[in-house]
2 protein chains.
Amino acid sequence: MQEHYPHPEMKTVQLAEVLHALSDPLRLRIVAALAAGEERGWGEFDAPVAPSTLSHHMKVLRQAGLVTHRRDGTRCIVALRPELEERFPGLLGTVLRLAPEKMGA
Amino acid sequence: MQEHYPHPEMKTVQLAEVLHALSDPLRLRIVAALAAGEERGWGEFDAPVAPSTLSHHMKVLRQAGLVTHRRDGTRCIVALRPELEERFPGLLGTVLRLAPEKMGA
DNA sequence: GGCGTTGTTCGATGAATATCGAATGACCGT
DNA sequence: ACGGTCATTCGATATTCATCGAACAACGCC
């Protein structure tokens with residue numbers, strides 16, 4: 001865990017990188033889950049992978065500018081980055097509308 | 001070259017696979033060029049890679065359901081698949097609107 | 001039939017990716 | 001300060017990927 005997580009400046013985020021981040025089923029599920037509700041804790045995605053693997057995917061999403069990570073005591077809160085909509089208007093909405101992974105909790 | 005190119009059934013095309021195909025800058029450029037005009041010959045994309053590499057990318061785009069390949073004598077004509085719009089409405093339009101690669105000829 | 005043009009396929013290679021378990025570090029209670 | 005929870009990092013591995021050059025195949029044309 002980190003005190004402060006590094007987040008890329010939105011203007012440096014490339015479209016191809018965002019698409020790559022979304023091209024993994026698990027990462028797409030995570031983003032869909034965030035878009036369907038509020039921010040949530042790191043561990044509340046019931047991802048079928050080891051913690052170290054989930055950490056890797058979270059890092060990819062963070063570096064692609066899709067999500068933020070924030071410390072809350074011993075927890076880590078994950079949330080969608082609102083500025084993404086300014087950078088790539090309509091992208092996330094379109095992709096998630098077409099995504100079959102309407103995962104719940 | 002092939003007499004008949006294999007094209008996947010559109011209903012079997014997965015969103016994640018399409019996103020992955022679009023997540024490479026060169027492939028994104030190729031799709032953008034096709035969307036900006038008509039179908040065009042294989043060799044008319046002035047891609048900065050070896051023919052064998054271009055062939056690889058063309059195969060990825062074909063297998064992801066994005067383009068068709070058609071024989072025309074000794075040439076190969078590449079075109080966007082119109083059914084993609086039925087399968088994933090708005091996706092290609094949204095992505096290409098945001099793509100900086102408005103490449104010409 | 002032979003030749004040039006046009007893509008594809010076949011290794012080969014180096015880089016990136018997904019995955020895991022184990023070790024580590026940060027924080028909060030007690 | 002100690003132990004527990006939570007997430008990251010590290011090393012290892014297996015897979016995939018982008019790239020190239022060389023060899024090959026299909027076609028049209030002479």
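How far does a polar side-chain atom of Tyr5(A) lie from a phosphate oxygen of DNA strand D? The distance is 3.5 Å, and the views below set this pair among its surroundings. The model is predicted: local features need pLDDT of at least 70 and side-chain atom pairs count only at pLDDT 80 or more, while totals for chains, interfaces and linings use all residues. Residues are numbered from 1 along each chain as its sequence is written, chains are lettered from A and ligands numbered from 1 in the order in which they are written, and side-chain values use heavy atoms, with hydrogens and water left out.

**View 1. Protein residues around DNA strand D.** There are 22 residues around DNA strand D, and Trp42(A), Ala50(B), His56(B), His57(B) and Arg71(B) come nearest. A residue is near a strand if one of its heavy atoms lies within 4 Å of it. Helix H3 (51–63) of chain A and helix H3 (51–63) of chain B each supply at least two residues of this surface; H3(B) gives the most, with four residues. Helices (H or I, at least four residues) and strands (E, at least two) are DSSP runs, numbered from the N terminus. By class, the surface near DNA strand D has seven nonpolar, 12 polar and three charged residues. Here Ala, Val, Leu, Ile, Met, Phe, Trp, Tyr, Cys and Pro count as nonpolar, Asp, Glu, Lys and Arg as charged, and the others, Gly among them, as polar.

**View 2. Phosphate oxygens of DNA strand D.** Of the atoms of DNA strand D within 4 Å of the protein, 72% belong to sugar or phosphate and the rest to bases. From Cys76(A), a backbone N or O atom lies 3.3 Å from a phosphate oxygen of DNA strand D.

**View 3. Protein residues around DNA strand C.** Of the 22 residues around DNA strand C, the nearest are Thr53(A), His56(A), His57(A), Arg71(A) and Met1(B). Sugar and phosphate make up 73% of the atoms of DNA strand C that come within 4 Å of the protein. Phosphate oxygens of DNA strand C lie 2.7 Å from a polar side-chain atom of Thr53(A), 2.8 Å from one of Trp42(B) and 3.3 Å from a side-chain N or O atom of Arg27(A). H3 of chain A, together with H3 and strand E3 (75–80) of chain B, each supply at least two residues of the surface. The largest share, four residues, comes from H3(A).

**View 4. The contact between chain A and chain B.** Chain A gives 16 residues and chain B 17 residues to the contact, which means heavy atoms within 4.5 Å. The buried area is about 1,400 Å², of which carbon and sulfur atoms give 79%; buried area is the accessible area (1.4 Å probe) that two parts lose on being put together, summed over both. In chain A, Leu15(A), Leu19(A) and Leu98(A) lose the most area to chain B, together 36% of what that side buries. Helix H1 (15–22) and helix H5 (91–98) are the elements of chain A that give two or more residues to this side.

Definitions and conventions: A polar contact is a pair of N or O atoms within 3.5 Å; within protein, one must be able to donate a hydrogen and the other to accept it, and residues adjacent in sequence count only if both atoms are side-chain atoms.
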